[in-house]
Amino acid sequence: MPYLEQIDAARQYSNFGPLSRTLETRLAARLHVAAERVVTVANGTLGLTAALMAAGVPAGALVLMPAWTFVATAHAVRMAGLVPYLVDIEPDSGIMTPEIAEAALASAPAPVGAVIPVLPFGRPVELGVWDSFSAAYRVPVVIDGAAAFDAVRPAKAPVMVSLHATKILGAGEGGFVVCPDPGFAEDLRRHLNFGFYHVRSATVPALNGKFSEYHAAVGLAALDRWTETRRAFQRVARSWRRTLATTLPDAALPDSYGENWVSSTTIIRFSGAEADALGAYLACHGIDSRPWWSKGVHRHPAFAACSRTPLPTTEELAERTLGLPCFVDLSDTTISHIGKVLGDCPHRG
Ligand SMILES: *Cc1c(COP(=O)(O)O)cnc(C)c1O
C-alpha cells in the first residue's frame, strides 16, 4: 500500500518512473553491479526481445538456442526479427554448453547472429564460459535466466530474469535485464520505449516493453519479503528431497536444489522414460503435474518447422522429466502424500 500511494503522489505511472528506478537500484545492489546496469521490463519475453535488438543482431539471422526451454525464448527470437535454430543439451545439467554451441555454429544452415543459453529450472550456471565463447566467435550472447532470480550472477552478456507470478520473485508480470554496461542499458531502454530515450524521435526499431509503476510497487513489496519467500521455498525443496529419498529413491532432483539455490519449481528426473505414466497416475489421484516445457520447443506446432540439430538428449530427458507441485504453502504432509502416490504407481519399470 505505501508503494501504491507513492505512485499517486508522484503522478507517474510508467515510463521508467521512480518506483521502477528504486527497484532497479535495489536489484543492482543485490547483484553488486552499478544501478545503471539494471533495466526493468514489462515481462521477460520482451526483455529478451529488446536485448537481442540492442545486441545489434543482423535482421533475419539465426539464433542458436536450446530446444530444452520454455517456448517464450523462441517467441522472443521471432519478435526480434530473427530465426530460432534449435540445438541439444548436455545430459547431466540439461544446459546447452559452449561446446554444443560451437559444433552447431559449424553445421548451421545460415549465418548465426546470436546465441541464447538458458538456465534451466533456475539452477546456477557458470556464465564466464560464454564471455570467452562470445569473444572467440564474435557472436553476441544473451542469457535467458528467467527462472533464476535466486542463482543468477551478472555476466559480460546481458542476463534476463523474469518477475512473472509463477517465478520465485513475482511482480505479477515483469522482469529485468542485467546489462553488460550502462551504454547497453541505455540502448535497451530505447528499444523498450518506441525508440525514444531523452529525445522524442524514434531512432531505432523498438517495442513498448516498459515496466509499469504498479508492477514495480508489487515487485518492491515482494523484494521486502524475499528472505521469508526464499525460506518458504527452501522448506518445500527440502521436504521434497526427504520424501523422494524414501518413496522414489531412483529419481533425482537437480543438484543442490534447496541447498545452494531455490526455485519456484520442483523438477524431478526419473531413471527411465516414465514421466507420462507417472503424470497420468498423479492425475488419477487429483494431483497436477507438468511434462516440462511441453517436452521442448520443437514439439510446439508454432516451432515444429524450425531448423535444428539432432536432439537426442532433449528427447530423452523430456520423457524422464516431470514438474511436481511447488508453492510456498505446500505442506510437508501434502508432499509426503504425493510422494507416497508416486512410490505406489504400478506402471513403474
Ligand atoms: C518464464 C520464462 C520465460 C518468460 O518470462 P515472462 O516474464 O513470463 O515473459 C522465458 N524463458 C524461460 C526459460 C522461462 O522460464
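These questions and answers concern a predicted model.

Me: At what angle do helix H2 and helix H8 pack?
Reply: H2 covers residues 18-31 and H8 covers residues 213-224. H2 passes H8 in a left-handed crossing. Their axes lie 8 Å apart, and the packing angle is about 35 degrees.

Me: Which strands stand at the edges of the open sheet?
Reply: The sheet has 3 strands in the order E3-E2-E4, with parallel pairing. An edge strand has a single partner strand, so one side of it is left without a neighbour in the sheet. The strands in that position are E3 (83-87) and E4 (112-115).

Me: Which residue in E3 is the bridge partner of methionine 65?
Reply: Strand E2 spans residues 62-66 and pairs with E3 in the parallel sense over 5 bridges. In E3, the partner of methionine 65 is leucine 86.

Me: Is phenylalanine 121 buried or exposed?
Reply: Phenylalanine 121 lies in the loop between E4 and helix H6 (128-137). Its phi is positive, near 60 degrees, in a residue other than glycine. Buried means under 20% relative accessible area. Phenylalanine 121 has 10% relative accessibility, so it counts as buried.

Me: What is the relative accessible area of histidine 32?
Reply: Histidine 32 is in the loop between H2 and strand E1 (38-41). This residue is not a glycine, yet its phi is positive at about 55 degrees. Histidine 32 is exposed, and its relative accessible area is 73%.

Definitions and conventions:
Residues numbered from 1 in each chain as written. Predicted model: local features only at pLDDT ≥ 70, side-chain atom pairs only at ≥ 80, totals over all residues. Heavy atoms only, no water. Axes fitted to C-alpha atoms, helices over the stretch in contact; angles between N-to-C directions. Helix = DSSP H or I, 4+ residues; strand = E, 2+ residues; numbered from the N terminus. Left-handed = near helix turned anticlockwise from the far one by under 90°. Pairing = 2+ DSSP bridges. Buried < 20%, exposed > 50% of the residue type's maximum accessible area, 1.4 Å probe, protein only.
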